[in-house]
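Below is a short report on backbone geometry, nonpolar packing and charge pairing in one protein model. The sequence and coordinates come first.

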Amino acid sequence: MVLPNSEGTSAPRLYAHIVGWGMAVPEKILRNQDLEAIVETSDEWIRTRTGIRERRIAGERESTASLGLKAARKALDVADLFPSEIDLIIVATSTPENIFPSTASLIQNWLGASRAGAFDLSAACSGFVYGVDMAAQAIRSGSIKAALVIGAETMSRVLDWQDRGTCILFGDGAGAVVLKSSTVEGGVLSSVLRSDGSGGDLLGIPTVGSEDLDNPDFFTNGHKMHKMYMNGGEVFKFATRVIGESIEEALVKAGLTIEDLSLIVPHQANQRIIQAAARALKVDVDIFVVNLDRYGNTSAASIPIALCEAVQADRMRPNDYIAFTGFGGGLTWASMIVQWTDLKSAETRTGVLSNQRRRQISYWVVRWRSQLRRLSKSLNQFLQRINPRRGRIMRLRDKVDQL
Ligand code: COA
């Protein structure tokens, strides 16, 4: 379709396609049986109430950014794009490395994505769908050409391991997609993003708020700082209501009906929530991608991880209509309809393997360059202490920064 642009001439309409995907989960597995030694629970209770059997837990040297980076590199390989071709990096996360600098900026630096803007997005378990929508809007408007959207979490670091109501549910991991602009029709067709802040006290992680503030809007309400709290029953009711409603709304926006959908990739919170959503939508539960038995709830990472596994299992065909649906803290929820397109064969890119090698070399160069920069900073500090003649020091730093 060709639409008139602001100058009155005709510009081809742009579409935002998912052209790359990747996931990364820690190796360490925590089984339900292992949890029996930590809190008063049982494998049987967890399996029957949630569907979860095991989850992954980040090792000491793993973090939200390192898992996100691994997933991002895989997604770039599938997309066959270089980091320098990425204009925007969004990391949806509730467990960022810092309040700032953002996890997205850390990943931008490690990738060497020198032309990309980067920011973290806080919409809890709905964050990935929010992020894909933001990136798709920017692509469709013509302001950017390619974006990386990552959902990454180390939930194990914010769990209260004495609270059996929450610690049995969550796990760590990351998933990423690359979105790219094209005039080929398809890709992200519609989205519904919603929030109801009045339910903010149903689940959260107090971080900077203070119990001393009189304003009741600043609540920690006796919850532990930096630890997750949740009212499971209320969240359960909220989730089962909003999944069906928001998918229906996104379908209407895309001019489709539930019969058109081939697959639903839901946030992986609880098997019973997914079953209730299937009943509400009057569809077979098999239309939902489910992998929560192996990863638990990985918050913003759960949808892209499930998407990767669905692609690996060959559950998507070109032109299939699929839905993403997420819900969580905020309260927030979001659904999106995507027409899955095989853009690679539509636009025929070649040389994937040699480009993969070039990307690996560029990551290696970026790593050494940042280590060299760090080293030069320490050297400069040292030189400054022993020799305050700043001219020579500045010249040395400039040289390294130019590398
Ligand atoms: N092991 C054993 N017993 C447990 C337990 C555990 N891990 N957690 C709670 N219980 C107990 C409760 O204390 C309660 O005991 P009681 O009847 O003696 O008081 C009983 O099990 C039932 O608790 P309840 O909270 O009603 O269970 P539930 O069926 O609602 O399941 C959740 C609890 C958390 C699994 C469920 O509410 C849920 O999944 N909610 C949604 C959570 C979610 O998705 N959050 C993330 C959103 S992004």
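Glu 234 is partly exposed, because its relative accessibility is 35%. In this predicted model, Glu 234 forms a salt bridge with Lys 237, the closest N and O atoms being 2.9 Å apart. Both residues lie in helix α7, three residues apart, about one turn of the helix. Lys 237 has a relative accessible area of 52% and is therefore exposed.

Helix α7 also holds Glu 245 and Arg 241, which are four residues apart, again about one turn. Their side chains form a salt bridge with a closest N to O distance of 3.9 Å, within the 4 Å cut-off for a salt bridge. Glu 245, at 44% relative accessibility, is partly exposed, and Arg 241, at 43%, is partly exposed too.

A further pair sits in helix α2 (residues 43–50), where Asp 43 and Arg 47 are four residues apart and so separated by about one helical turn. Asp 43 is buried, with 14% relative accessibility, whereas Arg 47 is partly exposed at 29%.

| Salt bridge | N to O distance | Helix |
|---|---|---|
| Glu 234 – Lys 237 | 2.9 Å | α7 |
| Arg 241 – Glu 245 | 3.9 Å | α7 |
| Asp 43 – Arg 47 | 3.1 Å | α2 |

The count of salt bridges comes to eleven. Asp 77, Asp 80 and Arg 359 are linked in a network of such bridges. Side chains of opposite charge can pair when their charged atoms come close.

Turning to nonpolar packing, the largest nonpolar core has 44 residues, and Leu 261, Ile 264, Phe 288 and Phe 327 have the most contacts inside it. Two or more residues each come from α7 (232–253), β13 (261–266), α8, β14 and β15. Helix α7 gives the largest share, eight residues. With residues up to four places away in sequence not counted, Phe 288 touches Ile 264, Pro 266, Ile 274, Ala 277, Ala 278, Leu 281, Val 283 and Arg 315. Apart from this core lies another, of 34 residues, including Ile 90, Ala 135, Ile 303 and Met 336. In soluble globular proteins, nonpolar side chains tend to be buried together.

Val 365 is located in helix α12 (residues 352–386) and counts as partly exposed because its relative accessibility is 41%.

How many disulfides does the structure hold? The number is zero. Cys 167 is buried at 0% relative accessibility, and Cys 308 is buried at 3%.

The backbone has several features to check. Most residues other than glycine have a negative phi, and most peptide bonds are trans. A cis peptide bond joins Phe 100 and Pro 101, with omega about 5 degrees; Pro 101 is in the loop between β6 (88–92) and α4 (103–111). Another cis bond joins Gly 330 and Leu 331, with omega about -10 degrees, and Leu 331 is in the loop between β14 (321–328) and β15 (332–339).

Positive phi values occur at His 226, near 65 degrees, and at Lys 282, about 55 degrees. His 226 is in the loop between β11 (203–204) and β12 (229–230) and is partly exposed at 44% relative accessibility. Lys 282 is in the loop between α8 (271–281) and α9 (292–295); its relative accessibility is 76%, so Lys 282 counts as exposed.

Conventions
Residues numbered from 1 in each chain as written. Predicted model: local features only at pLDDT ≥ 70, side-chain atom pairs only at ≥ 80, totals over all residues. Heavy atoms only, no water. Buried < 20%, exposed > 50% of the residue type's maximum accessible area, 1.4 Å probe, protein only. Core = buried A, V, L, I, M, F, W, Y, C linked by side-chain atoms within 4.5 Å. Contact = heavy atoms within 4.5 Å. Disulfide = S-S within 2.5 Å.
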